[in-house]
Amino acid sequence: MDAETMASSEASLARSTARSAEIEQSISTDPSRFRMLTGDRPTGNLHIGHWFGSLENRVRLANAGVETFLVIADYQVITDRDGVGPLRERVHSLLADYVAAGLDPEKVTIFTHSSVPALNQLMLPFLSLVTDAELRRNPTVKTELDDTGERPMSGLLLTYPVHQSADILFCKANVVPVGKDQLPHLEQARVVARRFDERYGRSVPERPVFPQPEALLSRSGTILGLDGAKMSKSRNNTIELGMSEDETAKLLKRAVTDSDRHITYDPMNRPEVSNLVNLAALCLDRSPEDVAAELGDAGGGGLKKLVTEAVNERFAGHRARRAEIVADPGHLAAILADGNARAGAVADDTLDEVRRAMNMDY
Ligand code: TRP
C-alpha cells in the first residue's frame, strides 16, 4: 500500500468505527429498523477467535431483536482453492455452532449460497455496475491472492466482492457485522446499490430498490494463536469451539510463553503471555490486568492452568449443546432446508423487483 492509500484506509476505518458506535446506539433504541446479514466460509471449524470476534456479537444482536440472515458462503470456498473439501461436514459444523451459541433457527435465517438461485442471479446485473479496475484495486482480494502463493487470480476471486454484494443486498440488509478486512467489500456493496438505483431506480427516486448497507465493526481485538502468530486453521494454533476439554488442555500445554515467572498484561513486550491472559480474561468476563495481577508469580504453568480451566468452563455448555446437535444430521439438514426456503423466497422477491426495474419482467 502506498502512503496515500494507507492514510485513506485509516480515515475510513476511523469513520466506520465511529459510525458503528452510532448504529449500536440506534439498535438499542429501535432494533426493528435493522436487518443484518453476515456469514462465514465453510472452510473449517469455528474457533474461539470467531467466538469472541463475531459469534458472540451476532447472538447479542439477534437476541436484541435485529432480524438476522446468516449466509454459509459455500461458493466463497472456491475463490482461492481448488475443490471444496469435506463441505457437508463443515457446513453442518458451522450450523451446529450457530445453533449451540444461541442463534434460534426459527428466527434467524441460515442458508447456503448454492441453495438460493435468485441470489446468485443478482450477480449478473451487479457485475455490469463495476469496472475491472475497481475490482483489481480491492485490497482484501489482493491479500487473499498473495496468500495463495503462485496461484493465478481466478475470475471468481476477482469478482467475489460483487457476489458478496448480492449476499447483502438480496435481503436488503442495512447492517453487516464484520471485521475490518471486510470493509472494502462493504464499500463495494454500497457502490453496487447506489449505481443500480442511479441506472434503474429513477422512476421512484425517493424509494431506492436497495438500501445503503453499513458495517458494524466487531469490538474485540483479535486473539492470537497459541504460538503467538495470527490464529488460523492452517497454522494449527487454534482452539476449536467443538474441541473436548482434554484436547483444549493438550493444546494449551504447547502454547508459547516466556521465562519470566511474573505474569503481566503487556501486549507490546510480551505478546504470547498477554494473549493467554487476555483469553482467560475474555472467558472469565474480567479485565486482563486483573487476571494478570491475580496470577502474580504463577509462571507460564500457572497461567496455562488458569486459561485451560477458564476456556473449558466457559464453553462447557456450548460444547454439550453442540455435541447433541451434531449427533442428529437429519435435524441439521431440516434447519438448513427451512433457512434455504426462507432465504429463497426473499431472494425471489428481490429479483422480481430488479427485473421490473430493468424492464425485464416480460
Ligand atoms: N467474506 C466473509 C469471510 O470471509 C464471509 C461472507 C460471505 C460475508 N458473504 C458475506 C460476510 C456477506 C458479510 C456479508 O469471512
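## Basis of the model

Because the model is predicted, local features need pLDDT of at least 70 and side-chain atom pairs count only at pLDDT 80 or more, whereas totals for chains, interfaces and linings use all residues. Residues are numbered from 1 along each chain as its sequence is written, and side-chain values use heavy atoms, with hydrogens and water left out.

## Nonpolar cores

The largest nonpolar core holds 52 residues, of which Tyr98, Ile239 and Leu279 touch the most other members; such a core is a set of buried Ala, Val, Leu, Ile, Met, Phe, Trp, Tyr and Cys residues joined through side-chain atoms within 4.5 Å. Among the elements that each supply at least two residues of this core are helix H2 (48-63), strand E2 (67-72), helix H4 (87-101) and helix H14 (329-357), where helices (H or I, at least four residues) and strands (E, at least two) are DSSP runs numbered from the N terminus. The largest share, nine residues, comes from H4.

Beyond its neighbours within four places in sequence, Tyr98 is in contact (heavy atoms within 4.5 Å) with residues including Asp40, Leu55, Arg58, Ile72 and Ile110. Apart from this core lies another, of 39 residues, among them Leu122, Ile168, Cys171 and Leu217.

## Ligand shell

The ligand is surrounded by 13 residues, the closest being Arg41, Gln76, Gln164, Asp167 and Gln182, with a residue included if one of its heavy atoms lies within 4 Å of the molecule. By class, the shell has six nonpolar, five polar and two charged residues; Ala, Val, Leu, Ile, Met, Phe, Trp, Tyr, Cys and Pro count as nonpolar, Asp, Glu, Lys and Arg as charged, and the others, Gly among them, as polar.

A nitrogen atom of the ligand is 2.7 Å from an N or O atom in the side chain of Asp167, while polar side-chain atoms lie 3.0 Å from a ligand nitrogen in the case of Gln164 and 3.1 Å in the case of Gln182. Taken alone, the ligand exposes 370 Å², and the protein buries 88% of that, with areas from the Shrake-Rupley method and a 1.4 Å probe.

Ser16, found in helix H1 (residues 3-29), counts as buried because its relative accessibility is 16%, the class being defined as under 20% relative accessible area, with exposed over 50% and partly exposed in between (1.4 Å probe, protein chains only). Leaving aside residues within four places in sequence, Ser16 is in contact with Leu183 and Leu217.

Leu217 belongs to strand E5 (residues 214-217) and, at 14% relative accessibility, likewise counts as buried.

Terms used. A polar contact is a pair of N or O atoms within 3.5 Å; within protein, one must be able to donate a hydrogen and the other to accept it, and residues adjacent in sequence count only if both atoms are side-chain atoms.
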